[in-house]
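Before reading on, take a moment to look over the sequence and the 3D structure together.

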Amino acid sequence: MSDILHRLPEFIGNHPFLSFGFIAVLVAMIAAEVGRLGRGYKALTPAGLTQLINKNNALLIDVSSIQDYEKGHIPGARHVAMSQFDPENKDLAKAKDLPVAIYCRTGQTSSTAAKRLKKAGFADVYTLDGGLRTWTEAQLPLVKGRSAS
């Protein structure tokens, strides 16, 4: 091990671009991991979301457009358009102590909604990693049209 450490400066001197590239990738990975840990909500796989719904009776919110929601959504999901999404809404505020899972078509919009819920004081907030796309890729059931909820 000490031989490797003694030859390290020589390697860095002979391969500066490779060395700086490695350091840049390492810093980017550390920053991404710190960001993931500090965001306050957890991303779930379709299997993890199914387990959360079945075991903890999580509130499931779809923040997709109404057209996307009607094309297909997860059974039991409530639709709330992102333009109307308000964590302080009296109906939503009742669920502050319950697990809340949010998803959209691709997983991009739902992360914004999850951040807003955490900021509003919701305890357990989750997103579906990859959105409804990963749910359908896992061949899990969808409901078409508007639901009663």
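**Helix α6 and its surroundings**

In this predicted model, the residues S110, S111, A113, A114 and L117 of helix α6 are buried. Seen down the axis of α6, these buried residues fall within an arc of 165 degrees, so they line one face of the helix. An α-helix has 3.6 residues a turn, so residues three or four places apart point the same way.

**The helix itself**
- Helix α6 covers residues 108-119, and at 1.5 Å a residue its twelve residues should span 16 Å, which agrees with the 18 Å between its end C-alpha atoms.
- The exposed residues Q108 and K119 are carried on the face of α6 that is turned away from its buried side.
- After α6 comes G121, whose phi is positive, near 100 degrees.

**What lies over the buried side**
- The buried residues of α6 are covered by elements that include α5 (90-93), β4 (99-103) and β5 (124-128).
- S110, which has its place in helix α6, counts as buried because its relative accessibility is 0%.
- Leaving aside neighbours within four places in sequence, S110 is in contact with V63, I102, Y103, C104 and T127.

**The nonpolar cores**
- The largest nonpolar core has 16 residues, and those with the most contacts inside it are V100, I102 and L117.
- Two or more residues of this core come from each of β2 (59-62), β4 and α6, and α6 gives the most, with three residues.
- A second, separate core of 13 residues includes L52, I74, A77 and L132.

Technical notes. Residues numbered from 1 in each chain as written. Predicted model: local features only at pLDDT ≥ 70, side-chain atom pairs only at ≥ 80, totals over all residues. Heavy atoms only, no water. Helix = DSSP H or I, 4+ residues; strand = E, 2+ residues; numbered from the N terminus. Expected span 1.5 Å × (residues − 1). Buried < 20%, exposed > 50% of the residue type's maximum accessible area, 1.4 Å probe, protein only. Arc of directions from axis to C-beta. Contact = heavy atoms within 4.5 Å. Core = buried A, V, L, I, M, F, W, Y, C linked by side-chain atoms within 4.5 Å.
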